[in-house]
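Colleague: Could you walk me through reading the interfaces in this model? I'd like the general idea each time, then the case at hand.

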Amino acid sequence: MRSFIAALSLGTVLSVSALAAPVEIQWWHAMTGANNDRVNQIVEAFNASQADYKVVATFKSTDYTELMNQTIAAYRAGTAPHITQIFEVGTATMMSAKGAVKPVFELMAEAGEKFDPKSFLPAITGYYSTADGKMLSMPFNSSTAIFYYNKDVFAKAGLDPEKAPKTWPEAFDAAKKIRASGHPCGLTTAWVTWTQMENFSAWHNIPYGTKSNGFGGFDTEFKFNNPTVIKHFETLNDLQKDGTFKYGGRTTQPEGLFVSGECAMIATSSGFLGNLMRNAKFNFATAMLPYYPDVAGAPQNSIIGGATLWVMGGKKADEYKGVAKFFTHLSKLDVQVTNHQQTGFLPVTIAAYEETKKSGFYEKNPGRETPILQLQNKAPTENSMGVRFGNLPKIRDLIMDEVEAAFAGKISVKQAMDNAVANGNEELRRFERTAKN
Amino acid sequence: MTPASSAKAPFQNKLLPLMLLLPQLLITLVFFYWPSVQAVQQSLYIEDPFGLSSEFAGLANFTALFKDARYVDAFLRSLFFSAAVAGISLSLSLLLAVCADRVVRGATAYKTLLLLPYAIAPALAGITWMFVVHPSIGIVGRAFIAMGIEWNYLLNGNQAMGLVIFAAAWKQISYNFIFFLAGLQSIPQSLMEAAAIDGAGPAKRFRDIVFPLLSPTAFFLLVVNIVYAFFETFGVIHAVTSGGPSKSTEILVYKVYSDGVVGLDIGGSAAQSVILMVIVIALTFVQFRYVERKVHY
């Protein structure tokens, strides 16, 4: 009897090890529609390619802020996923959480997987690396701010529809002519802080804050209350009095003003193109963001938006090995090329960009190359690597509180920017205090 | 068993009543006491979002709040907002209830239609109204502009406030309506008839009989509406204005969200939650004392 039990248990052990369940790796994301389909394709392909690991992708929220909160709450409860998708403005918060996250360069080195930060577009590598060039998270979906204009309205207003405004003075002139022709609105902008302040500053090679926009440490302060930014917002403010410029909200809401044809020009994310191609009933074109020609060094390069994959801390070594293998799979040329071409996002590796260019994709899909050319316009400087400030999502709201007060005529633009810098700095000090460990 | 003995001791076993209470007690413990204790605890610390470092701060989070002009503004704004929401929804629903009470034909249809908004989630109510009044796409918003009104609640704080008050009050009208209607229908017909015979007209009957007899209902609804305006209007505000423009619709409960969830200020938002908890406890206390002692039929 005893030997029978022994044999039975031995048999169980053997069968368990022979049919060892694959190590499960949880991936939380915020992708919807075509992007969600792509996430599932990537995961299925990886799971089918080997038997040791199984990645489980879970859609958690459409909202990056909420996904970040769910991740943090899960970490505090000890149930964090292995991989989570965090938006670019959450970078400083994530990297300050030493121990709660596992830097990607470390993960890949420990697992012995090949990982070369130089294989990514420099604008992307820069945004997600430490000051000494170590990459903290895995690039996944990237975008940047670009300019769109309605060719039909341009033609009606007597402007050349094949010639995009290159500079802000040209864009303002076009907007005035469009407004004078009886069109309800010349120009609008989505994601005001991202397109008109963060990208605007990088594009003009002027600092957004001290310490290389926060890359040099948490003891940083904002610098965006400078004459260039103030002049830009004063012009926008003047132009909105007669509808030449229209403020339509803080994030994506103004995109509706462009799709409906009400506003003839918009600055917004490169990811907007897909929506526009499906819904616009007019001819349009994309262009690089306008700049002020009297600012030395402009145009520099724009900065990215979107999200990266962060690996959470405190997991088992074999799970980390699986994450590393999955990231290697994700970095493969064909996976990257499909990511770029099937979704509205930018290619994140140089190889995927070259391959897509060679295939003639950009000739067939005009507008898809504009954001890449703009990101690659010049090698990033300390003003154009990106912005790395703690509590940035909150600070963006604090800035918009002031900008809206200025647009409503309650305070001057200068006062608004000074207040925003002061309130933003207060948040930075609060972040510095809790992140100093 | 005699009736007397069963009335004296319905439960022979002392464990049984406890067992029967247990599920409710557990729910209260898990969903109220536990988070409340945690909120109080977190309000005394300054902490990073991940809970990696934590520093005892005493009452610093609370003193910082009351020194912050933006918090004091949000506090005053909440008082105005809840007074406006409660005032508008109570008076409109009383009017509707009095009208519905008099309707003879098709009364059920009117009542059903008036109750429908209650079934709509606050966020959906907000989105629905936004589509109606949006300056570019909303039918009413465009009509305002066509009439020459400078309608743009994206920049005009007073218009934004008016809009969220309206949407929040609209949603609460149904709830108040049911209670007022039930209250009206429980007023004995004989009283009204007697007053009518004595020569009291409809207005006098309403003032001297109906209104006093409705006062317990009205007081109960006042407290419920203030609590609603303080705590449950988050969805409306989040969907319509996100607290903007320039914080002009940021009430206390929205500030907890924007500081805690967007700003990741755990200690500060916990302190705000504790203050909100004190407010709701005070309101409940007032309600019980007042309803039980002062309002009689």
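Modeller: Let's begin inside chain A: the centres of domain 1 of chain A and domain 2 of chain A, taken over C-alpha atoms, are separated by 28 Å. Domain 1 covers 21-143 + 304-364 and domain 2 covers 144-303 + 379-435, with bounds from an automatic or database domain assignment. This is a predicted model, where local features need pLDDT of at least 70 and side-chain atom pairs count only at pLDDT 80 or more, while totals for chains, interfaces and linings use all residues. Residues are numbered from 1 along each chain as written, chains are lettered from A in the order written, and side-chain values use heavy atoms, without hydrogens and water.

Colleague: How many residues does each domain of chain A bring to the contact?

Modeller: Contact means heavy atoms within 4.5 Å. Domain 1 of chain A brings 21 residues and domain 2 of chain A brings 22 residues.

Colleague: And what area do the two domains bury between them?

Modeller: The size of an interface is often given as the accessible area lost when the parts come together. Here buried area uses a 1.4 Å probe and is summed over both parts. The two domains of chain A bury about 1,600 Å², with 60% of it on carbon and sulfur atoms. On the domain 1 side, V89(A), Y127(A) and S143(A) lose the most area to domain 2, together 32% of what that side buries.

Colleague: Which side chains form the salt bridge between the domains of chain A?

Modeller: A salt bridge needs a side-chain nitrogen of Lys or Arg within 4 Å of a carboxyl oxygen of Asp or Glu. The count between these domains is one, and R396(A) pairs with E88(A) at 3.5 Å, N to O.

Colleague: Now the chains: how many residues does each give to the contact?

Modeller: Chain B gives 28 residues and chain A gives 38 residues. The area buried between chain B and chain A is about 2,800 Å², with carbon and sulfur atoms giving 53%.

Colleague: How many salt bridges link chain B and chain A?

Modeller: There are six salt bridges between the chains. Among them, R70(B) meets E426(A), with the closest N and O atoms 3.2 Å apart.
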